[in-house]
Amino acid sequence: MNKLKWWQTAVFYQIYPRSFADGNGDGIGDFKGMIEKLDYLQALGVTALWLSPHYPSPMWDCGYDISDYEAVAPEYGTLEDFDRFLQAAHARGLHVLLDLVLNHTSDQHPWFLESKSGRNNPKADWYIWMDSPFPSGEGPGGEGVPPNNWQSCFDGPAWTYVPERGQYYYHYFMKQQPDLNWRNPHVKAAMWKMVRFWLERGVDGFRLDAIGTIYEDPALTPHRVPLDLAGLRHLADTAQTPAEKKRLARYWQEMFRYQWGGPGLHDLMKELRALVDEYPGDRLLVGEDDNIDYMGNGDDELHLVFNFPLMRTERLTPGWVRKNQAERLARLDALPTRGWPCNTLGNHDSPRLRTRYGDGLHDLQLARLHLALLLTLRGTPFLYNGEEIGMTDLLITDPSNLRDTMATWYYRALVEDLGVPPAEAALRAGRMSRDKNRTPMQWRNAPNGGFCPPEATPWLPVNPNYAEGVNVEEQDADPASLLNFYRRMLAVRQATPALVEGEYRPVHERARTYLAFLRQTASQTVLVILNDSNRRRRLDFSSLSPRPGRLIFSSQEGAPATCDLGRLDIAGFEARLIELF
Ligand code: NOJ
């Protein structure tokens, strides 16, 4: 496997710093806590970490609104703590990616404070400022109307008026997250300086936040959706008929279409790639985007982009996965320098894997099956913290407990603008909020799930199911637990070259209740069978080889070590891996 880069053989684990481990007992995760858990992560078998933002931030978007790019949020620790963390991770063979938020800063970043102070300051053009096309001077701030009808994807209009400048600034996300003007070379220089700051400290690369939003349509073409953001979200909650759902999908696409993928991004990604390539150690760039185009020729822009299309379903059926793989791998293979896939089934923005892809009856079996899927598909997998113990979404129904401001904004819009009764609005806001999948890690069956001391108040409520076995300590002691299943599967993947570098070839392509595929190198062929139903079935794979196969792994106790390919008895929801000869 030595011709592969470290990130091609890696299994990543996303740490959400605020929720991972609280080392100082204040109810908020921190670097001290993360350092204490590195042994746990190493023993789990992951080989690389991605840290969601750890920078100082007013926390309007849980750290994705950065007020200082070259420091550490005081509640997480100091720069020295960060260095200790990085060094301790490296000492355990764990690579570390940081989150790189390029599109916007916090509105409390000194650059923005200076920029908004007037039209004639050195940073006046660092953000996207526009005049009103019809300045009436009669509004409360004398603002006239905004430059166009663009919406922020988080909280209403995308333009916010600043009386000091008599102008609007643009924000794709919250108004506390003004978009940087990347067409200004000084912005670029300042951001690249920051990138170097972390590369020089030794980080192994970056996950690039929301790159598609960096450049907008320079003509500011208005969208043609007859709704604003609140109206669109409301429609999303209430659409019932296929026609309504179709209209909704069209509206979502249409509403933001001019705010995404403007000209310039390829050049920018090339520049960033050249910059990281100056550093030794194959530093990595992973884009939060599913567009393979941002991998350039496969070797001159991003190394990886997430296969988000795989996640965009409520059920990971065999048919869905096959179609996804066929499309995805064909596109990656077509790049001049063949692209490497990158799969994930959950992160801090999406419902938890166990909740989302469960069927309400076999959620734990399905969670195992889906991990097996993620670790056997071709490409680098990304896991999300808490997935390994089967953490579930926690619906927060009291709006005063919501911390995701996108949801608190929605609650207010529902009640105040759309006349939705508060109880219903609370439920809908809780459902759309990302808090439900960001609750603190459950370490023990103890108050606050062992995340923080009993007397501390965790920053988000802890899911009470820590008392029902969803915690690390109890699962650690139980050989049959999900946690130990993760450990075994991770070990099997690392010990099986075909699973890491082998080609993917689907077999039994018409099967609707199970997924079967081969992973193949010149010297090893592995058959992967994932039974997506609770029914035992007898399967015949004798056309693949006349010789018996060797069992590599089964999620089922007692699977035979030697497998007769003509008569494979696969249990309900079993994941079975067989080496063929
Ligand atoms: C994508 C991040 O994953 C999400 O959490 C954040 O709110 C937006 N980008 C804005 O930075």
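## Exercises: ligand site and helix packing

In this structure, a polar side-chain atom of Asp-61 lies 2.5 Å from an oxygen atom of the ligand. We're working on a predicted model, where local features need pLDDT of at least 70, side-chain atom pairs count only at pLDDT 80 or more, and totals for chains, interfaces and linings use all residues. Residues are numbered from 1 along each chain as its sequence is written, and side-chain values use heavy atoms, with hydrogens and water left out.

**Exercise 1.** Work out how α15 and α16 are oriented to each other, and which residues make the contact.

*Solution.* Take the axes first: lines fitted to C-alpha atoms over the stretch in contact, with angles running from 0 to 180 degrees between N-to-C directions. Helices here are DSSP runs of H or I, at least four residues, numbered from the N terminus. The axes of α15 (residues 405-417) and α16 (residues 422-432) come within 9 Å and cross at roughly 155 degrees. Angles over 145 degrees count as roughly antiparallel, so α15 and α16 are roughly antiparallel to each other. On the α15 side, the contact (heavy atoms within 4.5 Å) uses Met-406, Ala-407, Tyr-410, Tyr-411, Leu-414 and Val-415. Across from them, α16 brings Pro-422, Ala-425, Ala-426, Arg-428, Ala-429 and Met-432. By class, that's 11 nonpolar, no polar and 1 charged residues.

**Exercise 2.** Now do the packing of α5 with α7.

*Solution.* Helix α5 (residues 79-91) and helix α7 (residues 185-201) have axes 11 Å apart, at an angle of about 50 degrees. The roughly parallel class stops under 35 degrees and the roughly perpendicular one spans 65 to 115, so α5 and α7 come out oblique to each other. For the contact, Leu-79, Phe-82, Asp-83 and Leu-86 of α5 meet Phe-197, Trp-198 and Arg-201 of α7. Sorted by class, these are 5 nonpolar, no polar and 2 charged residues.

Conventions:
Helix = DSSP H or I, 4+ residues; strand = E, 2+ residues; numbered from the N terminus. Nonpolar A, V, L, I, M, F, W, Y, C, P; charged D, E, K, R; others polar. Polar contact = N/O pair within 3.5 Å; in protein donor to acceptor, adjacent residues only side chain to side chain.
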